[in-house]
Amino acid sequence: MSTSQTTSAPPRRQQMSKADRRVVAGTMVGTTIEWYDFFIFAQAAGVVFASLYFKPLDTDSPGLAQLVSWATIGVSFFFRPLGAVIAGRLGDRVGRKAMLVFTLVMMGASTALIGLLPTYAQIGVWAPILLMVLRILQGFSAGGEWGGAALMAVEHAPRDKRGFWGAYPQIGVPVGMIIATLVLFLLRLSMSPEQFLEWGWRVPFLLSVALIVVGYFIRAAVAESPVFKEMVERKQESATPLTQLLRTNKKQVLLAAVIFIGNNAAGYLVIAFLSSYAQKTLKMDASPVLLATLLASFGWLIFTLFGGALSDRIGRVRTFQIGYILIFAWMIPMFLLIDTRNIWAYGVGIFVLTIGLGLSYGPMSAMYAEMFPASVRYSGIGIGYALGSILGGAFAPLFAEALFKETGWSGSIGIYIMALCVISFIGTSLVKETRGVPLGAGTSEKAPSVP
């Protein structure tokens, strides 16, 4: 067996060793913190930022402050590709591990500073400007975070378990949502709406510091990726990974972006829009809505792990396709349930959505890693993921809000997500099945991902 095959296909292991568990924990903890940070920002954008940072915009145009508040979520996504380019370049040259620690600290620091940021009433126009700067730093660090975490998991994994191991950085989304929702739920129970608006919303941002400390020590104990070690031994690190990537793997980058947009847009409905829609438009109580979101997050976690494991059995492409079919089919029924204003119907609606979300998200780390050669893999998956985020979730809450205001029918939001799912389904179908391809540094510079 060749060296590259040995690296990309470790001996079959029935159970994870202690070192294995450190790897998956290290990859999961960063994405958990990333999505905890993003979730609390999205919730704040839906509930408090409009009145605290953009209120003057409502003077001449009522409702504009909320639209701009939603837009702050999307602005950071434009800086994700920059983070992916820089972290990818360094990650393909100096290692996956160093970039994971760097992006973790940057994300946490910018989040904590948001918790200390004065409001418009205190410092005027500098308040929204500084909020945007910190949001941009969040986006930059997030752009470099996911690619490194995905590669650390997949490149350590046995060949027949890549989908399952690669699902661990993916479950950072629901785990981050669980932690953030639980914190917000407890805060809502323990204080009045006035107290929450005055200072309580800052607490989840400041708690990010504790998560960063824990995450740093977990990641510091993780060994470097075996594929990157092989690249160093072969002296194969690319001097200009981005140039090489754009010369040899443009199609893979574009397909990676297209594959993600449907999942990312539907996911941001759960992360940001639906909770705000239920509270502000349907006038449902905040605590039950947050509790329903918490339960749905557990569903997302379970089905993401299941999606990764299923892709090891039936393939990445087929698992993605099933996930997108489920999201497409559920969109209109979900909004019909939510619009009943019944908390049980709301909970069922978003929980069922997480089945399709999990199946179209769990296999992503493995599939993307298998689409690119080792020397440009960090750059390739990071940029593809970041572009998919811009086209998918960046402005999904803003578009959803605008569609509802224009049509007065929540089903129009469902049709918007359904259209994106069709696009992603087509993109997924254009990918040649990647399951089991060699990942080692000695493999072909053109991964067999495009027919």
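This is a predicted model: local features need pLDDT of at least 70, side-chain atom pairs count only at pLDDT 80 or more; totals for chains, interfaces and linings use all residues.

Colleague: How are two packed helices described?

Modeller: By the angle between their axes and the distance between the axes. Here, take α16 (residues 250–281) and α21 (residues 377–391). Their axes come within 7 Å and cross at roughly 45°. Axes are lines fitted to C-alpha atoms, for helices over the stretch in contact; angles run from 0 to 180 degrees between N-to-C directions. Helices are DSSP runs (H or I, at least four residues), numbered from the N terminus.

Colleague: What does that angle make α16 relative to α21?

Modeller: Oblique. Angles under 35 degrees count as roughly parallel, over 145 as roughly antiparallel, 65 to 115 as roughly perpendicular and the rest as oblique.

Colleague: Which residues of α16 make the contact?

Modeller: Val-253, Ala-256, Ala-257, Phe-260, Ile-261 and Asn-264. The α21 side includes Gly-380, Ile-383, Gly-384 and Leu-387. Contact means heavy atoms within 4.5 Å. By class, the contact of α16 with α21 has nine nonpolar, five polar and no charged residues. Ala, Val, Leu, Ile, Met, Phe, Trp, Tyr, Cys and Pro count as nonpolar, Asp, Glu, Lys and Arg as charged, and the others, Gly among them, as polar.

Colleague: Now the charges. How many salt bridges are there?

Modeller: Side chains of opposite charge can pair when their charged atoms come close. The rule is a side-chain nitrogen of Lys or Arg within 4 Å of a carboxyl oxygen of Asp or Glu. The count is five.

Colleague: Which residues are linked in a network?

Modeller: Arg-162, Asp-312, Arg-316 and Glu-370. Glu-370 meets Arg-162 at 3.0 Å, N to O. That pair links helix α20 to helix α9, 208 residues apart. Glu-370 also meets Arg-316, at 2.8 Å. Asp-312 meets Arg-316 at 2.9 Å.

Colleague: Is Glu-370 buried or exposed?

Modeller: Buried, at 1% relative accessible area. Buried means under 20%, exposed over 50%, partly exposed in between (1.4 Å probe, protein chains only). Arg-162 is buried at 0%, and Arg-316 is buried at 0%.

Colleague: Where is Asp-285 found?

Modeller: In the loop between α16 and α17. Asp-285 counts as exposed, because its relative accessibility is 57%.

Note on methods. Residues are numbered from 1 along each chain as its sequence is written. Side-chain values use heavy atoms; hydrogens and water are left out. Helices (H or I, at least four residues) and strands (E, at least two) are DSSP runs, numbered from the N terminus.
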